[in-house]
Amino acid sequence: MSVADYMRLCLTHPDWGYYIRRDGIGQNGDFTTAAEISQMFGEMIGAWCGHMWTALGSPAPFNLVELGPGHGTLSADLLRAATRQPGFIPACRLHLVETSPVMRSWQKQSMAAHEEKITWHESFDTVPHGPLIVIANEFFDALPIRQYIRRANGWHERLVASRMNKLIWDEGQTDCTNAIPVILQQAVMGAIFERSPERESLAEMIAAHITRNAGAALIIDYGFQGPELGDSLQAVARHRYVDPLASPGIADLTSHVDFSALAHAAERRGAKSHGPITQGKFLNDLGIGIRATALRRARPDKAEDIDTSLSRLTAPGQMGELFKVMALTAPEAPPPPPFR
Ligand code: SAH
């Protein structure tokens with residue numbers, strides 16, 4: 001099977017999928033997200049949403065869509081911060097795109113105060129029309145990718161096969177050179193190129209909503225500006241990297257996001273893309289430092305924790321540089337803060 005089919009089965013198979021069966025988020029799980037590190041992350045995004053909603057002309061009602069909300073921490077912090085924007089909360093309809101029953105029950109709990117506003121969706125396809133703001137933190141990295149490998153006789157799709165009850169890497173026969181960007185076609189033997197039709201088609205769908213109904217989207221993830229070569233498929237269990245073929249459905253399986261591919265996809269549907277900029281720059285320019293100072297003053301006993309979280313979120317050696325932020329808007333809209 002293709003790497004894409006393997007990823008899809010590992011993550012979302014109705015009985016055995018990682019996200020269906022496991023709660024991987026947090027210290028006792030497999031990985032931690034920015035939203036779980038500090039309330040400041042969701043609060044900054046709440047301030048951004050409040051600004052964008054006003055810039056859109058304060059539409060009421062409007063749809064606030066979170067893709068893959070995990071424990072619901074980001075949205076809960078976002079909504080608390082956005083109460084400062086008069087009219088935002090009453091106008092807001094929450095649409096949570098989530099396949100996992102375990103995660104849905106977390107979200108129900110963390111957003112209990114807003115339960116009557118929530119509609120859950122299996123996928124973005126069913127989000128209703130109307131002005132919208134979309135937030136996706138560490139969601140695109142979980143959508144399937146395809147991989148291609150350079151050989152003497154062209155490029156071949158990388159496959160996952162089973163031999164003697166063990167999963168192994170394999171390769172397709174067909175020459176897939178046409179799927180590779182021209183500037184990368186002459187890469188060294190053994191080079192790998194990744195592409196994600198699913199991520200691109202989701203970016204197209206979001207863009208189509210924005211151009212048709214007015215709105216904005218904020219996409220945050222680890223990634224790069226392609227086209228680029230490299231094998232970024234990674235499996236993580238208990239906060240450690242493991243072999244992606246060793247424990248299907250038990251380890252989290254993701255890959256780095258090519259932000260250029262998402263931008264091009266969104267632009268094909270008439271939206272405008274902004275960034276990507278680093279997560280460090282995004283949070284610093286939005287004023288996370290000021291928020292940290294206020295929190296330190298309110299909770300001097302927690303000052304050390306606040307400083308540690310601030311640097312985990314923004315420092316270059318931590319999440320500050322690997323994680324990138326991209327915004328999508330209508331073509332005529334000015335660049336949203338802090339994109340220039
Ligand atoms: N955004 C959250 C959690 C990220 S983990 C945070 O920042 O903490 C990825 C989330 O996406 C989980 O909630 C997972 O259940 C969900 N998810 C993964 N693949 C999905 C898919 N194909 N469709 C819908 N939800 C998915």
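**View 1. Helix 13 gives the second largest pocket the largest share of its lining, three residues.** The model shown is predicted. The second largest pocket holds about 520 Å³ of space. Its lining counts 19 residues, and those closest to the centre are Phe31, Thr32, Tyr222, Tyr241 and Phe323. Helix 13 spans residues 316-322. Strand 10 (234-237), strand 11 (240-242) and strand 12 also give two or more residues each to this lining. By type, the lining of the second largest pocket splits into eight nonpolar, six polar and five charged residues.

**View 2. The largest pocket has a volume of about 750 Å³.** It is lined by 39 residues; Gly68, Thr99, Phe139, Ala142 and Leu143 come closest to its centre. Helix 8 makes the largest contribution to the lining, with four residues. At least two lining residues come from each of helix 1 (3-12), helix 3 (34-37), strand 1 (62-67), helix 5 (73-82), helix 8 (197-213) and strand 12 (252-254). The lining of the largest pocket comprises 17 nonpolar, 12 polar and 10 charged residues.

**View 3. Ser309 sits in helix 12, residues 303-314.** Is Ser309 buried or exposed? Ser309 is buried, because its relative accessibility is 11% and the cut-off for buried is under 20%. A polar atom of the Ser309 side chain lies 2.7 Å from the backbone oxygen of Asp305.

**View 4. Ser309 also has contacts beyond its sequence neighbours.** With neighbours within four places in sequence set aside, Ser309 is in contact with Ile37, Ser38 and Met40.

Note on methods:
Residues are numbered from 1 along each chain as its sequence is written. This is a predicted model: local features need pLDDT of at least 70, side-chain atom pairs count only at pLDDT 80 or more; totals for chains, interfaces and linings use all residues. Side-chain values use heavy atoms; hydrogens and water are left out. Buried means under 20% relative accessible area, exposed over 50%, partly exposed in between (1.4 Å probe, protein chains only). A polar contact is a pair of N or O atoms within 3.5 Å; within protein, one must be able to donate a hydrogen and the other to accept it, and residues adjacent in sequence count only if both atoms are side-chain atoms. Contact means heavy atoms within 4.5 Å. On a 1 Å grid over the protein atoms alone, a cavity is a set of points where a 1.4 Å probe fits but cannot get out, and a pocket is an open set with protein on both sides within 12 Å along at least five of seven lines; lining residues have an atom within 4 Å of a point. Grid points are joined across faces, edges and corners, and a volume is the space filled by probe spheres set on the points. Ala, Val, Leu, Ile, Met, Phe, Trp, Tyr, Cys and Pro count as nonpolar, Asp, Glu, Lys and Arg as charged, and the others, Gly among them, as polar.
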